[in-house]
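Please keep the sequence and the coordinates at hand while reading.

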Amino acid sequence: MEAMWTRYLPAWRKARELADAGVIGELRSMDADFSGYIPYDPASRMYNPTLGGGCLWDLGVYCSHVILHMFGLEYEELQAMGRLTRDGVDSAARVTLRYPDGKMAGFTCACDQMGSGAARVFGTGGWLELPQLWDARQVTVHKPDGSVQTYDFPHADGFIYEVQRFHRLLGGEPILPGEPAPADTLTALRMLEEA
């Protein structure tokens, strides 16, 4: 199992459950952001190409995984644009995906600007919002009539949920539908490489 602990947060599991239950109707699009200003330092891992620098690999991977979690692995088209530092490292990126069934998803990741850090999933009958997508502790359902329902989850170190799940798998629990698999990791990496 990849240590993509965000996928195991109760808030993201609840978002998937709500979407699967049709609470916001048919899923149509999704937008995610994981950006934060990090002052330029050519020696830091974020900006140094020999250390694997770049916002896509460091921040964008979280966005890619939550999109795959909600919309699946089978996107058909990817478009990307961004900014590069003078050393050729990506400091900001905007990636847009199109799925065969017409769904669209996009994410922004950047280390040279601030961002909302939120994810929003839009459907034909409402939308979901998860503040702080990488460390989500809350899911809010917004309905067309203006009603709002919020689900709050206690904070714990993000890895604890994945460690607990891994322990249950070792104990013999079956792998569940939608659970992160090697194909998710490979698709996320392909997405980032393509971008």
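Is His142 buried or exposed?

## Basis of the model

This is a predicted model, in which local features need pLDDT of at least 70 and side-chain atom pairs count only at pLDDT 80 or more, while totals for chains, interfaces and linings use all residues. Residues are numbered from 1 along each chain as its sequence is written, and side-chain values use heavy atoms, with hydrogens and water left out.

With a relative accessible area of 15%, His142 is buried, where buried stands for under 20% relative accessible area, exposed for over 50% and partly exposed for what lies in between, computed with a 1.4 Å probe on protein chains only. His142 belongs to strand β7, residues 138-142; helices (H or I, at least four residues) and strands (E, at least two) are DSSP runs, numbered from the N terminus. Once neighbours within four places in sequence are set aside, the contacts of His142 are Gly126, Trp127, Glu129, Ser147 and Val148, a contact being heavy atoms within 4.5 Å.

Gln132 sits in the loop between β6 (126-130) and β7. Although Gln132 is not a glycine, its phi is positive, about 50°, and with a relative accessible area of 37% the residue is partly exposed.

Arg98 is placed in strand β3, residues 90-98, and is partly exposed, its relative accessible area being 39%. Not counting residues up to four places away in sequence, Arg98 touches Tyr75, Glu76, Glu77 and Lys103. Between Arg98 and Ser29 there are 69 residues in sequence, yet their C-alpha atoms are 9.3 Å apart in space.

Arg45 lies in the loop between β1 (27-35) and α2, and, with residues up to four places away in sequence not counted, it touches Leu51, Gly52, Gly53, Gly54 and Asp58. Arg45 and Glu76 are 31 residues apart in sequence, and the C-alpha to C-alpha separation of this pair is 32 Å.

## Helix α3

Helix α3 covers residues 159-170, and at 1.5 Å a residue its 12 residues should span 16 Å, which agrees with the 16 Å between its end C-alpha atoms; the expected span is 1.5 Å times one less than the number of residues. Tyr161, Glu162 and Arg165 are the buried residues of α3. Seen down the axis of α3, the buried residues fall within an arc of 95°, so they line one face of the helix, the arc being that of the directions from the helix axis to the C-beta atoms.

The face of α3 turned away from the buried side carries Val163, His167 and Leu170, which are exposed. The cover over the buried residues of α3 includes α1 (10-20), and after α3 comes Gly172, whose phi is positive, near 110°.

## Helix α4

Asp184, Thr185, Thr187, Ala188, Met191 and Leu192 are buried in α4. Seen down the axis of α4, these buried residues fall within an arc of 165°, so they line one face of the helix.

On the other side of α4, the exposed residues are Pro182, Leu186 and Glu193. What covers the buried residues of α4 includes α2, β2 (77-84), β3 and β4 (104-110).

## Packing of the helices

Two packed helices are described by the angle between their axes and the distance between the axes. Axes are lines fitted to C-alpha atoms, for helices over the stretch in contact, and angles run from 0 to 180 degrees between N-to-C directions. α1 and helix α2 (residues 55-71) pack at about 30°, with their axes 9 Å apart, and the two are therefore roughly parallel to each other; angles under 35 degrees count as roughly parallel, over 145 as roughly antiparallel, 65 to 115 as roughly perpendicular and the rest as oblique. Trp12, Arg13, Ala15, Arg16 and Ala19 in α1 meet Val66, His69 and Met70 in α2.

The angle between α2 and helix α4 (residues 182-194) is about 125°, with their axes 9 Å apart, and that makes α2 oblique to α4. The residues of α2 in this contact include Leu56, Trp57 and Gly60, and those of α4 include Asp184, Thr185 and Thr187.
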